[in-house]
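User: I would like to learn how to read features off a model. Can we start with how accessibility is classed, then move on?

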Amino acid sequence: MDQTAVQNEITAAHNVIARLRAEVSRAIIGQQPIVDRLIVALLIRGHVLVEGLPGLAKTLLVKTLAATIDASFKRIQFTPDLLPADITGTLIFDPGARTFNARFGPIFANLVLADEINRAPAKVQSALLEAMQERQVTIGDSSYKLPDPFLVIATQNPIEHEGTYALPEAQVDRFVMKLKVDYPSADEELKMLGLYLDPTAEQVAVRRVLTLDEIHNVATLAAHVHVDEKIGRYVVQLVTATRRPLDFRLPSLVPHISFGASPRATLALAHVAKAHAFIQGRAYVVPEDVKAVAHDVLRHRLVLSYEAAAEQMTPDRIIDQILGAVPVP
């Protein structure tokens with residue numbers, strides 16, 4: 001597709017994104033960067049891990065986004081006694097026909113909220129991993145395709161450890177981004193009080209503003225955003241720096257990184273940067289797009305050493321150093 005034509009279509013499609021943003025903002029005060037990242041994930045059909053302290057509206061944010069699109073939505077509350085069949089479904093015996101029929105679980109939805117995902121045991125995470133990676137689930141001897149689009153948005157609390165399980169590295173790597181929800185500003189919190197404490201104000205109820213067809217069309221258009229060869233090389237160098245920091249004159253990072261990001265991270269960074277450029281209204285990726293999303297794409301893919309923990313070196317600080325060392329095209 002001609003890039004001029006793509007640019008014209010992206011400019012026109014910007015109204016669709018603006019409409020979605022505006023509707024979500026009716027119920028969610030602030031958190032615009034997080035909202036934009038979730039829209040990016042929707043465009044590229046990428047799963048997202050959302051981490052934040054209790055009371056920061058993580059669940060409300062996902063439910064609000066789901067309410068604005070004409071797609072099926074299910075919420076799964078993860079608990080230690082959850083079973084794989086509670087997510088994927090099970091076989092039910094029909095005595096009349098003397099056959100077993102599949103009864104689908106809540107995973108069969110376009111948008112799935114996996115609330116407090118780290119509270120479920122390994123068997124449940126394994127079942128969820130198949131759904132996230134293969135976009136299908138196995139019930140009995142048969143496999144069933146999940147709807148399109150299919151998107152898992154998982155939440156977890158970073159301070160609670162009792163009754164939680166560490167997510168397997170293979171599963172964490174399937175999340176295209178890990179978003180950190182922070183406290184709102186004082187002005188945003190004041191506006192929140194005005195919105196939710198006014199007894200005369202009507203309860204905020206968002207409307208569906210996007211159909212599935214519009215989502216498919218916009219996602220197809222976003223896939224045509226151009227990535228120049230220099231930008232592609234920049235993306236590869238950023239990920240390579242997490243594996244071989246000495247090649248980029250970062251000897252201080254060697255004892256802090258046990259394992260760097262995988263090639264899946266390279267693909268994720270490129271796809272997320274393309275979608276980020278799209279929602280900014282551009283038909284091409286610039287280095288600022290890559291920088292803007294690098295922390296969200298890479299922070300959960302770095303395995304740090306005990307020495308890094310002892311020195312309070314975080315993935316975000318490491319990514320800051322890498323962004324500062326890798327030459328920008």
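Analyst: Start with the cut-offs. Buried means under 20% relative accessible area, exposed means over 50%, and partly exposed lies in between (1.4 Å probe, protein chains only). Proline 54 has 54% relative accessibility, so it counts as exposed. This is a predicted model: local features need pLDDT of at least 70, side-chain atom pairs count only at pLDDT 80 or more, and totals for chains, interfaces and linings use all residues. Residues are numbered from 1 along each chain as its sequence is written, and side-chain values use heavy atoms, with hydrogens and water left out.

User: Where is proline 54 found?

Analyst: Helices (H or I, at least four residues) and strands (E, at least two) are DSSP runs, numbered from the N terminus. Proline 54 sits in the loop between β1 (47-52) and α3 (58-67).

User: How do I read a helix such as α2, and what span is expected for it?

Analyst: The expected span is 1.5 Å times one less than the number of residues. Helix α2 (residues 32-44) has 13 residues and reaches 19 Å from first C-alpha to last, close to the expected 18 Å. Of its 13 residues, 10 are buried, so α2 is largely enclosed by the rest of the structure. Among them are Arg37, Val40 and Ala41. Just after α2, arginine 45 takes a positive phi of about 55 degrees.

User: Which residues have the most contacts inside the largest nonpolar core?

Analyst: A nonpolar core is a set of buried Ala, Val, Leu, Ile, Met, Phe, Trp, Tyr and Cys residues joined through side-chain atoms within 4.5 Å. The largest has 75 residues, and Met177, Phe278 and Val290 have the most contacts inside it. Helix α10 (residues 263-279) gives the largest share of this core, 9 residues. Contact means heavy atoms within 4.5 Å. Leaving aside neighbours within four places in sequence, methionine 177 touches residues including Arg37, Val40 and Ala41.

User: How many aromatic pairs does a search of the whole structure find?

Analyst: Rings of Phe, Tyr and Trp (its six-membered ring) pair if their centres lie within 6.5 Å; planes under 30 degrees apart count as stacked, over 60 as edge-to-face, the rest as tilted. The search finds 2 pairs. Phenylalanine 104 and phenylalanine 108 have centres 4.1 Å apart and planes at 20 degrees, so they are stacked. Phenylalanine 104 and tyrosine 144 have centres 5.2 Å apart and planes at 65 degrees, so that pair is edge-to-face. This second pair links distant parts of the chain, with phenylalanine 104 in strand β4 (residues 99-104) and tyrosine 144 in strand β7 (residues 142-145), 40 residues apart.
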